Amino acid sequence: MASISELYPKAKKLVYDIEVQINHVEKGRASSEDVESSLERLSSLLDDLDDLAKKERPSQRENWRRKLKELTGQKDFLDDQLSRYLKRINRKGRERRERDELMARRNSSLSSGAANDYSQENSSLLRSSKMVGEYLYTGREALSNLIGQKYRLKNVQRKVFDIANLMGLSNSILKMSEKREKIDKIIIF
């Protein structure tokens, strides 16, 4: 039987491999059975490590128990992550079957022309929704650019007024330029 210091790195590597496998399962590149078998191997390995930790010297035992508790927590998290993924897949499959059943019942009562019309209407609404989203995004970008320009122009105006004060321009000229600015705003909006 291997020592605890030999098995612990193997368990850490197995945890990493399971994380990678779960990622592949979520992307559709692997099956969940592979992850389940790896989780069983990890559980068995953790049991072996726990037995070996009990045989360690008391000074080392607590350190190993802490490390094993961390590994057990990671295993539980990965197990929970896989089960949540499988539940989500099962729920999506059930929803798809129910939707197909409803559509089959609905389509049997509707003519194929009406179903095609509804399908075209749905795709048209999706395209319109996408276009509205793009318009909103463009509007937000334009607004943020205008706000940035506003602050830059305020800084320029402040500097121009500072320079004008230094040059000794009269207050009446400054007030005239401010009045002109207000009139320009009214004209623009």
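Q: Which residue forms a salt bridge with Asp76?
A: Lys75 does. The closest N and O atoms of the pair are 3.8 Å apart. A salt bridge here is a side-chain nitrogen of Lys or Arg within 4 Å of a carboxyl oxygen of Asp or Glu.

Q: What should I know about the model itself?
A: It is predicted: local features need pLDDT of at least 70, side-chain atom pairs count only at pLDDT 80 or more, and totals for chains, interfaces and linings use all residues. Residues are numbered from 1 along each chain as its sequence is written, and side-chain values use heavy atoms, with hydrogens and water left out.

Q: Back to that pair. Is Lys75 buried or exposed?
A: Lys75 counts as buried because its relative accessibility is 14%. Buried means under 20% relative accessible area, exposed over 50%, and partly exposed in between (1.4 Å probe, protein chains only). Asp76 is partly exposed, at 41%.

Q: How many salt bridges in the whole structure?
A: Seven. One of them joins Glu70 and Lys12, at 3.9 Å from N to O. That pair links distant parts of the chain, 58 residues apart: Glu70 sits in helix α3 and Lys12 in helix α1. Helices are DSSP runs of H or I, at least four residues, numbered from the N terminus.

Q: And how accessible are Glu70 and Lys12?
A: Glu70 is partly exposed at 42%. Lys12 is partly exposed too, at 32%.

Q: What does Arg91 pair with?
A: Glu95, in a salt bridge with 3.8 Å between the closest N and O atoms.

Q: Which α1 residues are buried?
A: Ile4, Leu7, Tyr8, Ala11, Leu14, Val15, Ile18, Ile22 and Val25.

Q: What comes just after α1?
A: Gly28, with a positive phi of about 85°.

Q: OK, surface charge. Which residues make the positive patch?
A: Arg88, Lys92, Arg94, Arg96, Arg97 and Arg99. Patch residues have over 30% relative accessible area and no salt bridge, with like charges joined within 9 Å. Arg99 lies in helix α3, residues 58-109. Arg99 is partly exposed, with a relative accessible area of 47%.

Q: And which residues form the negative one?
A: Glu33, Asp34, Glu36, Glu40 and Asp79. Helix α2, residues 32-54, gives the largest share, four residues.

Q: Is Glu40 buried or exposed?
A: Exposed, because its relative accessibility is 59%. Glu40 is in helix α2.

Q: What about Ser32: where is it found?
A: Also in a helix: α2. Ser32 is buried, at 13%.

Q: How far is Ser32 from Arg94?
A: 18 Å in space, C-alpha to C-alpha, and 62 residues in sequence.

How values were computed: Helices (H or I, at least four residues) and strands (E, at least two) are DSSP runs, numbered from the N terminus. Patches are made of residues with over 30% relative accessible area and no salt bridge: like charges are joined within 9 Å, nonpolar side chains (Val, Leu, Ile, Met, Phe, Trp, Tyr) within 5 Å. Accessible areas come from the Shrake-Rupley method with a 1.4 Å probe; for residues, only the protein chains shown count as cover. Lys and Arg count as positive and Asp and Glu as negative; His and the chain ends are not counted. The place of a charge is taken as NZ of Lys, CZ of Arg, CG of Asp or CD of Glu.
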